Amino acid sequence: MGEAVLDRTEVVIVGSGFGALAAAKKLAKAGTPFVLISETTEHLFQPLLYQVATGVLAAGEIAPSVRAILAKYPNADVRLGRVVDVRPDEQVLVYEAAGQRHDLGYKSLIAATGARQSYFGRDEFAKVTYALKTVDDAERLRAQIVRCFEEAHTTTDLERRKNLLSFIVIGAGATGVELAGQIKELAGRYFEQAIRGVTADDVTVTLVEGAGVAMPAYGGKLSEYTKASLEKSGVEVVLNTLVTDIDDHGATFKAHGSDSGERRTAETVVWSAGVQANDFAGVLAERTGCETDRAGRLLVNPDLTVGGRADIFAVGDMTSLNKLPGQSPVAMQGGRHVAKTIIGKTKRGTPFQFKDKGSMAIINRFRAVTKVKSIELTGFVAWVLWLAVHMVYLVGFRNRYVAVMSWFGSFLGHRRPHFYYAQEPQKVLETLAVEEVPDSAPEAIETEVIASVPAGPKEKVAVA
Ligand SMILES: Cc1cc2nc3c(=O)[nH]c(=O)nc-3n(C[C@H](O)[C@H](O)[C@H](O)COP(=O)(O)OP(=O)(O)OC[C@H]3O[C@@H](n4cnc5c(N)ncnc54)[C@H](O)[C@@H]3O)c2cc1C
């Protein structure tokens with residue numbers, strides 16, 4: 001029996017995010033054969049995840065299939081798989097797909113596996129908080145938001161109603177700010193219209209941040225504007241404060257310099273306080289001798305090569321170079337730089353030069369902050385710029401068109417087309433007495449519905 005022939009290609013790209021897709025497009029256009037392996041089938045536009053969580057956009061509109069994007073290039077091979085190891089001396093990558101381990105030979109390897117949430121050593125917080133990193137995260141948070149408003153509408157337990165309508169967002173970076181602003185806006189512009197009896201004033205949104213300013217990456221005028229705008233819209237901004245404990249029904253805040261903590265109750269706690277590199281960064285560090293920072297990011301060489309290897313490159317959120325921010329333009333430009341190096345358009349060893357075209361974050365409807373070099377913009381102009389830039393960078397004409405239509409519906413009108421939620425079967429704990437039932441429900445019948453009971457205070461439920 002002959003030996004199995006190793007599956008080989010010119011370039012392997014790991015990931016399907018911003019860095020990976022930018023590299024893939026360059027290689028695809030140059031006709032270089034490559035395999036792109038990712039553990040997700042989509043190219044996720046993370047900056048708009050908060051709009052999926054708040055019902056403005058559907059997940060598919062910000063997460064087109066990477067296979068479809070690259071379908072027209074015969075030199076591109078897209079595979080769904082999780083990369084678990086690499087043997088640099090043999091130039092072999094190991095990935096798992098369809099329940100099997102596969103070896104794949106390469107001449108050049110580009111890693112762009114991004115980052116995930118970091119809980120700063122308190123991993124137990126993951127179980128009691130909502131995150132916003134993946135499509136699943138956004139859909140889970142959206143279901144929770146809808147559930148909270150729906151249950152607040154029907155519960156007769158005032159304490160529980162207050163908790164259902166209380167939201168804590170931890171971390172006042174761009175994601176935390178966008179989310180806090182949107183949840184408050186949702187209350188006033190959607191639920192107040194859609195649910196009788198719920199007003200924006202009933203809804204508490206608290207944004208808590210360890211630093212002394214909101215949006216610490218900006219600082220100065222933009223941070224001040226962000227805080228003032230959020231407060232104007234009704235979001236409570238708590239600065240210089242750490243969250244020391246979180247459970248299913250709230251969190252404990254501890255202000256810097258204070259001896260004691262303050263307990264805040266809320267049914268929804270969102271964590272957007274930090275990131276750490278995904279696992280493959282650790283594997284690459286071990287196999288190539290590349291050092292990492294505290295967040296597990298690879299301290300790559302100036303030309304984006306990893307450790308002592310001239311054939312392994314890493315880009316984007318899994319890396320740290322010259323204090324560049326963990327933002328999509330850094331990943332995209334890095335991906336293009338590496339692809340150009342591989343196809344010979346850029347001389348080997350050329351340092352990566354990031355061209356900073358500015359950064360921006362939306363605060364709420366008609367308000368955003370934008371920084372382009374020394375130019376700082378706030379308010380409506382920044383918001384229009386935000387819309388334009390995000391429209392340009394969304395992948396696919398159809399997605400752009402649908403997003404613009406959805407933005408018109410949500411920002412000018414009151415539409416949230418993607419709010420849906422199906423109540424899980426739950427055990428009824430208490431029956432509302434017949435005389436307490438509103439006129440519309442002629443009789444109350446005690447029901448026993450099987451399945452798990454969500455933890456929480458007793459609820460009064462009438463089934464007519
Ligand atoms: C909620 C949110 C809002 C943001 N807003 C902005 C913004 O407004 N502006 C901005 O510039 N940036 C923003 N960012 C940051 C930006 O999205 C990231 O900087 C960018 O996605 C980094 O690109 P990347 O290619 O390094 O990683 P990612 O885009 O995260 O892609 C990583 C890819 O690797 C895959 N992967 C991971 N591990 C493996 C494995 N072992 N095997 C196979 N595949 C694997 C994943 O499935 C994914 O496809 C935001 C991020 C988030 C989460």
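Predicted model: local features only at pLDDT ≥ 70, side-chain atom pairs only at ≥ 80, totals over all residues.
User: What makes the ligand lie between domain 1 and domain 2?

Analyst: Both domains give residues to the shell around the ligand, so it lies between them. Domain 1 is 7–39 + 81–117 + 276–343, and domain 2 is 123–272 + 359–420. The shell holds 34 residues. The closest are Gly 15, Gly 17, Gly 114, Gly 316 and Gln 327. Elements that each supply at least two shell residues include α1 (18–30), β2 (34–38), α8 and α11 (328–343).

User: What classes of residue make up the shell around the ligand?

Analyst: There are 15 nonpolar, 15 polar and four charged residues.

User: Which residues touch the most other members of the largest nonpolar core?

Analyst: Val 177 and Leu 207 do, in a core of 72 residues. Helix α8 (residues 174–194) gives the largest share of this core, nine residues. Leaving aside neighbours within four places in sequence, Val 177 contacts Leu 207 itself, and also Ala 172, Ala 214, Met 215, Thr 226, Leu 230, Ala 361 and Ile 363. Another core, of 55 residues, lies apart from the largest one. Among its members are Val 11, Ala 22, Ala 112 and Met 318.

User: How do you know that the span of helix α9 agrees with its 13 residues?

Analyst: Take 1.5 Å a residue. The 13 residues of α9 (220–232) should then span 18 Å. The end C-alpha atoms are 18 Å apart, so the two values agree.

User: Which residues of α9 are buried, and what do they pack against?

Analyst: Leu 222, Ser 223, Tyr 225, Thr 226, Lys 227, Ser 229 and Leu 230 are buried. These buried residues pack against α8, β10 (204–208), β11 (236–238), β18 (359–364), β19 (367–372) and β20 (375–378). After α9 comes Gly 234, with a positive phi near 105°.

User: Why is Gln 91 called partly exposed?

Analyst: Gln 91 has 19 C-beta neighbours inside 10 Å. Buried needs 20 or more, and exposed needs 12 or fewer. The count falls in between, so Gln 91 is partly exposed. Gln 91 sits in the loop between β4 and β5 (92–97). Its phi is positive, about 55°, although Gln 91 is not a glycine.

User: What makes Lys 373 count as exposed?

Analyst: Lys 373 has 8 other C-beta atoms within 10 Å. The limit for exposed is 12 or fewer, so Lys 373 qualifies. Lys 373 lies in the loop between β19 and β20. Lys 373 is not a glycine, yet its phi is positive, about 50°.

Notes: Residues numbered from 1 in each chain as written. Core = buried A, V, L, I, M, F, W, Y, C linked by C-beta atoms within 7 Å. Helix = DSSP H or I, 4+ residues; strand = E, 2+ residues; numbered from the N terminus. Contact = placed C-beta atoms within 7 Å. Near = placed C-beta within 6 Å. Nonpolar A, V, L, I, M, F, W, Y, C, P; charged D, E, K, R; others polar. Domains from an automatic or database assignment. Expected span 1.5 Å × (residues − 1).
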